[in-house]
Amino acid sequence: MKFERKSGVLLHPTSLPGKYGIGTIGKEAYKFIDWLVLGNQTLWQVLPLGPTGYGDSPYASFSTYAGNPLLIDLESLVEKNWASSSVLKTPDYIKKDGNVDFGAVVWWKMPVLNECAEFFLNNASEEDLKMYKIFCKEKSSWLDKFAAFMSIKQFYDKKAETEKPASSMWHTYWEPALAKCDESAIKEWEKNHKNEIENIKIIQFFFDYQWNGLKKYANEKGISLIGDIPIFVAPDSADVWSNQKLFQLDENGRPNCVAGVPPDYFCATGQLWGNPLYDWDAMKAEKYQWWINRIKRIYELTDVLRIDHFRGFEAYWSVPAGEETAINGKWVKGPGIDLFKAIKKKLGDIPVIAEDLGVITDEVKKLRDDCNFPGMKVLQFAFSPDEVREHGMTNYFQPHMFDTSNCVMYTGTHDNDTLQGWLENCNEEQSLLVAQYIEGKALSAEKVESMIKNGQLRKNMIKAALASTAVFAIVPLQDILGTDNSGRMNQPATTGCNWTWRFNGKELKDSYAQELKFLSQLYGRNIK
């Protein structure tokens, strides 16, 4: 699918300001859209929207279909008379400003959302209840199993608090028939847990209703939403539990092999992700319907899709289960073009961005190009002094070296330092290389240091991204605001300190929007 020349901003909704401890899809999200409009931007990219679990990562969700309940806006529920105004009172431990404390937010907000669900069921109008029933019917293909999974999981997680098993995962701790997703056992469970399952479905209805309203508002303002899905799904998810035959699992539901990436220059032991791997033969036998349904759902929520770790469709790194590192893995061929032909047959020419970062082979490039998907260029990756000494200024992340405009230019991603933080951490040789490339002239080290401190070099790197030939240019909001590394979203291979950044509403100045507007108009982006 051919993209038009556009630019926009990367910001996950949890990073929005607000007084309820976490960003939501309420009024602050609408204000952010208005700010994008002021800046003549037409793209808003988010991270995966699913309900997060251990580690709070949006890339390890309990469901690839469901929405994150923590994003639901309570004030909007009260305005719709779907909740009592009493739910707006927050305990002292919920921070009004600053980064997200996920533990505190979950502890407070999930019981509150259950209260809201019960209020809705008892007080909503007939018209609203009918709308909810239609939602349940239309989404039953994933909603029923998700609600059952979360209900069972909540029961066994609570039980584990006293029994303290080695793991409370479904394949190690649940009653065997439930772990195997036996239909008769699930029906019996549903019969005995009607109220909590109903609440889970109502909470998903809340998310869907609010997100669809936000998407409609964005689209009417000329803004497209870019969604994101990881290639793999979390082991502790309704996706794996309810589709066990589509994954490489043993008879007890335990993975035979897990996902990761091999050792490289950055990590001598590779990265052991632990996701269960797909049984691609089983997927193909079902004409890839699971993937078609998954992608169809994403396009209900967003307009463009970024697929994380695209290279895994050509070949994936398979590590035997039980290994402590990724060293002993091997490359195994993926479905390749066959999958995307099946998707295209059912869904047509869908707009996809392929995350093609890392060690990319000619076979991966061919798959990306055969699908006609734009890949990614990250400006921070363009300035390695070692590469320059060996090869000169021929790094394919440098705007003058792009071999095609069918790519998406990022100043950085959620896995990188913020642009300001990255510049502050560059050594003198690298920062001089960056500045002289961006400014197009010789500079002294003292001058470069000054340009970093006053933000001039950061701003000119954003200018370079928008000026590039890439069809899309995306800038994380942190880079626009000049946030240092305190605003970094994720440090790969770490847990407990990621995904928490939020900006203060006062930081979103109109002057920043005006600067973006000038650049997008100057470089022919977002022409309406």
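1. A pocket is taken here as an open set of points on a 1 Å grid over the protein atoms alone, where a 1.4 Å probe fits and protein lies on both sides within 12 Å along at least five of seven lines. The volume of such a set is the space filled by probe spheres set on its points, which are joined across faces, edges and corners.

2. This is a predicted model, in which local features need pLDDT of at least 70 and side-chain atom pairs pLDDT 80 or more, while totals for chains, interfaces and linings use all residues. Residues are numbered from 1 along each chain as its sequence is written, and side-chain values use heavy atoms, with hydrogens and water left out.

3. The second largest pocket has a volume of about 420 Å³. Its lining, meaning residues with an atom within 4 Å of a point, holds 20 residues, of which Tyr-65, Ser-141, Trp-142, Trp-290 and Asn-293 are the closest to the centre.

4. Helices are DSSP runs of H or I with at least four residues, numbered from the N terminus. H5 (140–163), H10 (238–241) and H12 (289–301) each supply at least two residues of this pocket's lining, and H12 gives the most, with six.

5. With a disulfide defined as a pair of cysteine sulfur atoms within 2.5 Å, the count comes to zero. For Cys-116 the nearest cysteine sulfur, that of Cys-136, is 17 Å away, and for Cys-407 the nearest, that of Cys-371, is also 17 Å away.

6. Cys-116 is buried (under 20% relative accessible area, with a 1.4 Å probe and protein chains only), its value being 1%. Cys-407 likewise counts as buried, at 1% relative accessibility.

Definitions and conventions: Buried < 20%, exposed > 50% of the residue type's maximum accessible area, 1.4 Å probe, protein only.
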